[in-house]
Amino acid sequence: MEQHAEKRRYLARLAEELAKRELTAELTEGTKHPSVKVANPDVPDLNERVLCDQADDGSWCYWWPWRQPIGSVDDLETVVGRVAWVLRSVEAL
């Protein structure tokens, strides 16, 4: 499978899981890199992009745009939890 198609497949799975957590998640196509734009629907200014790419060891991971890994594509529960935590509202704490 072509790398671009693989990225899209993993990102589509992530977007579905984020939506189950009641976050707004949209798969977007960049010129080179697809991503998921995810936002807190209660505070839309709390939003971020999530990318998908291979780590140095060849495994597929989700990444923040600043090239910090979020977690493995095989551990969606952890990744979704981390993204939701980053986009939480301070008032919700």
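Good morning. Two strands are said to pair if DSSP finds at least two bridges between them. With that in mind, let us turn to the structure above, which is a predicted model.

I begin with the sheet. It is an open sheet of 5 strands, in the order β1-β2-β3-β4-β5, and the pairing is antiparallel. Two of these strands, β1 (24-29) and β5 (69-72), stand at the edges; each has a single partner strand, so one side of each is left without a neighbour in the sheet. From one strand to the next, the twist averages 25°.

Let us look at particular pairs. Between β1 and β2 there are 6 bridges, in the antiparallel sense. Within this part of the sheet, T28 stands opposite S35 in β2, and L27 stands opposite V36 in β2. Both helices lie against the sheet. Helix α1 packs on it by touching β1, β2, β3 and β4, and its direction makes about 15° with that of β2. Helix α2 also packs on the sheet, where it touches β2, β3, β4 and β5; the direction of α2 makes about 155° with that of β5.

How many of the 7 residues of β2 are buried? The count is 6, so this strand is largely enclosed by the rest of the structure. The side chain of N40 reaches the backbone nitrogen of D42 at 2.8 Å. Leaving out residues up to four places away in sequence, N40 touches L23, L46, L87, R88 and S89.

In soluble globular proteins, nonpolar side chains tend to be buried together. In this model, the largest nonpolar core has 21 residues, of which L14, L18, V38, V50, Y62 and V83 touch the most other members. Two or more residues of this core come from each of α1 (3-20), β2 (34-40), β3 (43-54), β4 (60-63) and α2 (76-86). Which residues does L14 contact, beyond its neighbours within four places in sequence? They are V50, Y62, L76, V79 and V80.

Thank you for your attention.

Conventions
Residues are numbered from 1 along each chain as its sequence is written. This is a predicted model: local features need pLDDT of at least 70, side-chain atom pairs count only at pLDDT 80 or more; totals for chains, interfaces and linings use all residues. Side-chain values use heavy atoms; hydrogens and water are left out. A nonpolar core is a set of buried Ala, Val, Leu, Ile, Met, Phe, Trp, Tyr and Cys residues joined through side-chain atoms within 4.5 Å. Buried means under 20% relative accessible area, exposed over 50%, partly exposed in between (1.4 Å probe, protein chains only). Helices (H or I, at least four residues) and strands (E, at least two) are DSSP runs, numbered from the N terminus. Contact means heavy atoms within 4.5 Å. Axes are lines fitted to C-alpha atoms, for helices over the stretch in contact, and angles run from 0 to 180 degrees between N-to-C directions. A polar contact is a pair of N or O atoms within 3.5 Å; within protein, one must be able to donate a hydrogen and the other to accept it, and residues adjacent in sequence count only if both atoms are side-chain atoms.
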